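Hi,

Here is the structure I promised to pass on.

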Amino acid sequence: MADITWELFDKQVAACSRCDLCRGIRHKVPGQGDREAPLMLIGEGPGQTEDEQGLAFVGAAGQLLTRMLAAIGLPREKVYICNVVKCRPPGNRAPTPEEMEACMLHLRMQTYLIRPKVILLLGATAARATLGPDVRITRIRGQWFERKGVWMLPTYHPSALLRDESKKPQAWEDMKRLRAKLEELQLYPAEEEKEQGEERKSL
Ligand code: SF4
């Protein structure tokens, strides 16, 4: 892995046709944000807005995610955000296990390059891709998993929160767990937390 670079990653994703998801897309969505960030967020795959813009989490779910991060004092530009698959699954369906496996090459490369200390897993697909194919998000959300020195926290995908508002209190608890871990590891300063109360109301 010594020769892996961001340039190689960008070229590899741009040229990739390892699965059929690349057929009919407008843009690949490799991910974006602070490439030196200690916190990495992994979602499922691009939706329509992301496919149109070539950017991860820029639709309604992405806007909610931005507010969730702000609620724990994290500006979005200070984290790195990507998805398990880099091409939009048709009709926003979940990627198949074969498609996930095909795209894991890119996600592994990203993780190697970023070397995050903490990863927030957004939804079942991200949890399955990293923690194992049989995990259920409803059972494991809110629990910390440590893998090779990296702390991983599964929580609901913001899209699930938009579909089912009753999940928001649990998601907020998970965000507070994330904030506490970042403080424990001394990864981000906590000076922006004073806005938490107001931000939470707007989630
Ligand atoms: S989803 Fe991933 S593996 Fe499939 S074509 Fe797109 S970049 Fe390649």
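**What I found, starting with β2**

Both faces of β2 are covered, with L39, L41 and G43 buried on one side and M40 and I42 buried on the other. That makes 5 of its 5 residues buried, so to speak a mostly covered strand. Buried here is defined as having 20 or more other C-beta atoms within 10 Å of the residue's own, with exposed meaning 12 or fewer and partly exposed in between; the C-beta atoms are placed from the backbone.

Before going further, a word on the model. It is a predicted one, where local features need pLDDT of at least 70 and side-chain atom pairs count only at pLDDT 80 or more, while totals for chains, interfaces and linings use all residues. Residue numbers run from 1 along each chain as its sequence is written.

**The sheet around it**

The chain has 9 helices and 6 strands. Helices (H or I, at least four residues) and strands (E, at least two) are DSSP runs, numbered from the N terminus. An open sheet of 6 strands has the order β1-β3-β2-β4-β6-β5, and its pairing is mixed. β1 (32-33) and β5 (145-147) are at the edges with a single partner strand each, so one side of each has no neighbour in the sheet. Two strands count as paired if DSSP finds at least two bridges between them.

Which strands pair with β2 (residues 39-43)? On one hand there is β3 (residues 80-83), parallel to β2 and joined to it by 4 bridges; on the other there is β4, also parallel, over 4 bridges. M40 stands opposite Y80 in β3 and opposite I119 in β4.

Moving along, β4 and β6 run parallel and are joined by 5 bridges, with V118 opposite W151 in β6. W151 also has E146 opposite, and here the pairing is antiparallel, with 3 bridges between β5 and β6. Those two strands form a hairpin with 2 residues between them, and K148 in the turn has a positive phi of about 50°. Because 5 of the 6 residues of β6 are buried, β6 is largely enclosed by the rest of the structure.

Helix α8 (residues 168-184) lies across β2, β4 (118-122) and β6 (150-155), and runs at about 170° to β6. For that angle, axes are lines fitted to C-alpha atoms, for helices over the stretch in contact, and angles run from 0 to 180 degrees between N-to-C directions.

**The ligand**

What surrounds the ligand? There are 15 residues, and the closest are C16, C19, C22, C87 and C103. A residue counts as near if its C-beta atom, placed from the backbone, lies within 6 Å of the molecule. Helix α4 (residues 97-114) gives the largest share of this shell, 4 residues.

**The chain as a whole**

The C-alpha trace spans about 45 × 40 × 30 Å along its principal axes. Buried residues make up 41% of the 203 residues. Of the contacts with a separation of 6 or more, 74% are between residues 24 or more positions apart; a contact means C-beta atoms, placed from the backbone, within 7 Å.

How values were computed. Contact = placed C-beta atoms within 7 Å.
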